[in-house]
Amino acid sequence: MGVSRREFLAAGTAVTAIAAAPRALAQWQPSPRYPDPAVQILDQSFGRYRLGLARVEQIAAGMRWCEGPIWFGDGRYLLWSDIPNNRIVRWDEES
C-alpha cells in the first residue's frame with residue numbers, strides 16, 4: 001500500500017508544526033491591539049464570523065497533547081486533559 005502525495009505532505013506539515021511548537025509558545029506574548037493579529041482568516045468565506053473585539057490569550061503551557069476543554073459554568077472553571085502526562089488541568093477566573 002503506497003502513500004499518496006496528500007498524505008505525505010500532511011505528515012510533513014504535522015512534523016514541522018510539532019517541532020516548531022515549543023519555540024513558538026516560548027515567544028508568545030498577548031496582543032494589546034484589537035483585532036488581535038494572532039487571529040488570522042485562512043478562508044475568506046469565514047471572515048464574516050470574526051469578532052473584532054476578540055483576542056487570543058494563553059492560559060497554560062507545558063502540556064504535550066491536550067484533549068478537551070470543557071467549561072463548567074456553575075463553578076466558573078475550565079478543565080482539560082493532558083494525556084501523556086496523565087493529568088487533568090483546571091483553570092478558574094480567580095486563581
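Figure 1. Asp92 has a relative accessible area of 17% and counts as buried, where buried means under 20% relative accessible area, exposed means over 50%, and partly exposed lies in between (1.4 Å probe, protein chains only). The model is a predicted one, in which local features need pLDDT of at least 70 and side-chain atom pairs count only at pLDDT 80 or more, while totals for chains, interfaces and linings use all residues. Residues are numbered from 1 along each chain as its sequence is written, and side-chain values use heavy atoms, with hydrogens and water left out. Asp92 is part of strand β3; helices (H or I, at least four residues) and strands (E, at least two) are DSSP runs, numbered from the N terminus. The side chain of Asp92 reaches the backbone nitrogen of Glu94 at 3.2 Å. Leaving out residues up to four places away in sequence, Asp92 touches Arg76 and Tyr77, contact being defined as heavy atoms within 4.5 Å.

**Figure 2. Arg76, in the loop between β1 and β2.** Arg76 belongs to the loop that lies between β1 and β2. The phi angle of Arg76 is positive, at about 55 degrees, although the residue is not a glycine. With 43% relative accessibility, Arg76 is classed as partly exposed. Arg76 is also one of the residues touched by Asp92.

**Figure 3. The sheet of three strands.** The strands form an open sheet in the order β1-β2-β3, with antiparallel pairing; two strands pair if DSSP finds at least two bridges between them. β1 (66–72) and β3 (87–92) stand at the edges with a single partner strand each, so one side of each has no neighbour in the sheet. From one strand to the next, the twist averages 20 degrees (axes are lines fitted to C-alpha atoms, for helices over the stretch in contact, and angles run from 0 to 180 degrees between N-to-C directions). In general, the strands of a sheet pair through backbone hydrogen bonds, either parallel or antiparallel.

**Figure 4. Strand pairs and bridge partners.** β1 and strand β2 (residues 77–82) run antiparallel and are joined by five bridges. Glu67 stands opposite Ser81 in β2. β2 and β3 are also antiparallel, and six bridges join them. Trp80 has Val89 in β3 as its bridge partner.

Figure 5. The peptide bond that runs from Gly68 to Pro69 is cis, and its omega is near -5 degrees. Pro69 is located in strand β1.

**Figure 6. Asp82, a buried residue in strand β2.** Asp82 lies in strand β2. The relative accessible area of Asp82 is 0%, and the residue is buried. Its side chain makes a polar contact of 2.6 Å with the side chain of Asn85. A polar contact is a pair of N or O atoms within 3.5 Å; within protein, one must be able to donate a hydrogen and the other to accept it, and residues adjacent in sequence count only if both atoms are side-chain atoms. Apart from neighbours within four places in sequence, Asp82 is in contact with Met63, Arg64, Trp65, Arg87 and Val89.

**Figure 7. Ile83 and Asn86, in the loop between β2 and β3.** Both Ile83 and Asn86 are found in the loop between β2 and β3. Ile83 has a relative accessible area of 37% and is partly exposed, whereas Asn86, at 70% relative accessibility, is exposed. Ile83 touches Trp65 and Glu67 when residues up to four places away in sequence are not counted. From C-alpha to C-alpha, Ile83 and Met63 are 8.6 Å apart in space, and they are 20 residues apart in sequence. The hairpin of β2 and β3 has four residues between the strands, and in it Asn86 takes a positive phi near 55 degrees. Asn86 is not a glycine.

**Figure 8. The whole protein.** Of the 95 residues, 7% are buried. Among contacts with a separation of 6 or more, 14% come from residues 24 or more positions apart. The accessible surface comes to about 8400 Å², and 58% of it belongs to carbon and sulfur atoms; accessible areas come from the Shrake-Rupley method with a 1.4 Å probe, and for residues only the protein chains shown count as cover.
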